[in-house]
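Here is a short note for someone opening this structure for the first time. Please read the points with the model in view.

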Amino acid sequence: MAAAVHECGHLFVIRLSGGSVHALCLTACGAVLRCSLPPSPFSRAAICLAGPAASFALTALANPLGAYRLAGASALLGLFNLLPVPPLDGGMALRHLADGRFTRLLNGIAGVSVLVLLAGGVLLWKSGFGGWLFLAGLMVAACNPHAHA
């Protein structure tokens, strides 16, 4: 449910901004929308940020209703997707707003973010909290060619 609402946020703003959706594909790195986007970097960034915004809206609705697991899952999904690492929404929004500029800086931010995610995952794993954050870091690193730069 949390993932569906997240993706609907993207779909809604794509349609609102005049874009069109051709396909929604599920991959090992998450959902990928194949679509025609408007040319404006601001519209493209808004589309990227609409998924996390929908996630946080669901969190705000689910929590008072006592749907704490749904609220928590949606909040985590929104926060995770705001990481400044492509292909995640935060990283893509930054790339669209930069509009081809600051490539080295954005690649550096992505690389450091992945390293922090991996290190945090190792620390949590060693503390007995499981290796999910580490696995998420590996997935993001594998799906992001810029994280290694």
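1. Terms of exposure come first. A residue is buried under 20% relative accessible area, exposed over 50%, and partly exposed in between, using a 1.4 Å probe and protein chains only. Val116 is exposed because its relative accessibility is 55%. Val116 belongs to helix α5, residues 103-126. Helices here are DSSP runs of H or I with at least four residues, strands are runs of E with at least two, and both are numbered from the N terminus. Between Val116 and Trp132 there are 14 Å from C-alpha to C-alpha, at a separation of 16 residues in sequence.

2. Now the basis of the model. This is a predicted model, in which local features need pLDDT of at least 70 and side-chain atom pairs count only at pLDDT 80 or more, while totals for chains, interfaces and linings use all residues. Residues are numbered from 1 along each chain as its sequence is written, and side-chain values use heavy atoms, with hydrogens and water left out.

3. Confidence next. pLDDT is the predictor's confidence in each residue, on a scale from 0 to 100. The protein has an average pLDDT of 89, and 95% of the residues score at least 70. Among its elements, α2 has the highest mean, 97. Helix α6 (residues 132-143) has the lowest, 76.

4. Look at Thr59. This residue sits in helix α2, residues 41-62. Is Thr59 buried or exposed? Thr59 counts as buried because its relative accessible area is 18%. Its side chain reaches the backbone oxygen of Ala71 at 3.1 Å. Contact means heavy atoms within 4.5 Å. With neighbours within four places in sequence set aside, Thr59 is in contact with Pro64, Ala71, Ser74 and Ala75.

5. Asp89 is part of helix α4. Asp89 is classed as buried because its relative accessibility is 10%. Which side chain makes a polar contact of 2.9 Å with that of Asp89? The partner is His6. A polar contact is a pair of N or O atoms within 3.5 Å; within protein, one must be able to donate a hydrogen and the other to accept it, and residues adjacent in sequence count only if both atoms are side-chain atoms. Beyond four places in sequence, Asp89 is in contact with His6, His10, Cys48, Pro52 and Asn81. Gly51 is 38 residues away from Asp89 in sequence, yet their C-alpha atoms are 7.6 Å apart.

6. Check the backbone in the loops. Pro86 and Pro87 are joined by a cis peptide bond, with omega about 10 degrees. Pro87 falls in the loop between α3 and α4 (89-98). Asp99 has a positive phi, near 50 degrees, although it is not glycine. Phe102 is another non-glycine residue with positive phi, near 60 degrees. Asp99 lies in the loop between α4 and α5, and Phe102 is placed in the loop between α4 and α5. Phe102 is exposed because its relative accessible area is 52%.

7. Last, Arg34. Arg34 lies in strand β2, residues 30-36. Arg34 is partly exposed because its relative accessible area is 49%. Apart from neighbours within four places in sequence, Arg34 is in contact with Val21, His22, Ala23 and Cys25.
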